[in-house]
Amino acid sequence: MPMLEAQDLTVSYGRLEAVRKINFSVEAGQIVALVGSNGAGKSTTLKSIIGLMMPASGTLRFEGRDITTMGPAARVQAGIALSPEGRRLFGRMTVLDNLLAGAHGVASRQVVARMLDEIYTLFPRVQERRRQLAGSLSGGEQQMVAIGRALMANPKLLMLDEPSLGIAPKIVFEIAEAIKRINREKNMSIVLVEQNARLALRLAHNAYALENGEIIRAGKGAELLADPFIQKSYLGI
Ligand code: ATP
């Protein structure tokens, strides 16, 4: 049984169907990439998985449970977390308070302390800057805090929306290494949405390419990297 399964999922903004009858799944312990150009429906898909948007039709199952109509707080409790596009940090709060905001529903202080420790090990810069206002950090450092904040919910499935967007190449490399570590060391499932298709497909076990709200390719990350259509459309080859 997959950890997450979407069946015939349609999500609309009014009359616009941003994703149309898409089917995909994420196995436990996998990194799954969603690639595609601007407006393809990637962010909408993540928003529907976390419950910020309700599907017009279709079903979502998480660990065998139907979560299609469940609210976002209950989905976080069930083990899903989202680091949103554009990071959405509280700029006038400290880095530490931003991280703690992600642990809102975690009752155990020990778990919170352990998660903080893990995030500081993963991103030593975040630890160095924990008393600074989040808004004073560089884009790359803010991205690390945003990933950390999602990790603070102690999820089983971590979803990352455009973690490389607008970030210096050296930091993109650090973030990619961190994504690999989170997956390997914690065996956490990850859904990675990226316009940087090369990066995402290199990291991913499995991948889907979305175009105009529909899945046009599905396969192993390496298979999509080698696919002539994907190369021409998204890799500039
Ligand atoms: P991007 O990287 O630009 O966010 P994306 O693949 O994540 O691209 P979505 O943001 O999911 O794409 O958008 C899918 C479609 O839905 C697009 O046609 C977009 O214009 C539309 N859309 C997105 N957000 C809204 C909204 N709040 N209201 C109306 N239409 C929207």
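**Reading the model, feature by feature**

Modeller: Let's start with Asn187, which counts as exposed at 53% relative accessibility. Buried means under 20% relative accessible area, exposed means over 50%, and partly exposed is in between (1.4 Å probe, protein chains only). This is a predicted model, where local features need pLDDT of at least 70 and side-chain atom pairs count only at pLDDT 80 or more, while totals for chains, interfaces and linings use all residues. Residues are numbered from 1 along each chain as its sequence is written, and side-chain values use heavy atoms, with hydrogens and water left out.

Colleague: What is the phi of Asn187 near?

Modeller: First the general idea: most residues other than glycine have a negative phi. Asn187 has a positive one, near 55°. Asn187 sits in the loop between H7 and E8; such helices (H or I, at least four residues) and strands (E, at least two) are DSSP runs, numbered from the N terminus.

Colleague: And Glu162, is that buried or exposed?

Modeller: Glu162 counts as buried, because its relative accessibility is 3%. Glu162 also has a positive phi, of about 55°, without being a glycine, and its place is the loop between E7 and H7.

Colleague: How do I read a strand such as E7? Which of its residues are on one side and which on the other?

Modeller: In a regular strand the side chains alternate between the two faces of the sheet. In E7, Leu157, Met159 and Asp161 are on one side, Leu158 and Leu160 on the other, and all are buried.

Colleague: Which strands do bridges join to E7?

Modeller: Two strands pair if DSSP finds at least two bridges between them. Strand E6 (residues 80-83) runs parallel to E7, with four bridges, and Leu82 has Met159 as its bridge partner. Strand E8 (residues 189-194) is also parallel to E7, with five bridges; there, Asp161 is partnered with Val193. To get from E7 to E8, the chain passes through helix H7 (residues 169-186) in a right-handed β-α-β crossover. Right-handed here means that, with the strands pointing away from the viewer, the path from the first strand over the helix to the second runs clockwise.

Colleague: Now the ligand. Which of the 14 residues around it come nearest?

Modeller: Asn38, Gly39, Lys42, Ser43 and Thr44 come nearest, where a residue is near a molecule if one of its heavy atoms lies within 4 Å of it. Helix H1 (42-50) and strand E2 (16-26) each supply at least two residues of this shell, and H1 gives the most, with three.

Colleague: Which side chains have polar atoms at the ligand's oxygen atoms?

Modeller: A polar contact is a pair of N or O atoms within 3.5 Å; within protein, one must be able to donate a hydrogen and the other to accept it, and residues adjacent in sequence count only if both atoms are side-chain atoms. Ligand oxygen atoms lie 2.6 Å from an N or O atom in the Asn38 side chain, 2.5 Å from a polar side-chain atom of Thr44 and 3.2 Å from one of Gln195.

Colleague: And what does the side chain of Thr10 reach?

Modeller: Thr10, in strand E1 (residues 4-13), reaches the backbone nitrogen of Lys21 with its side chain, at 3.0 Å. With a relative accessible area of 5%, Thr10 is buried.
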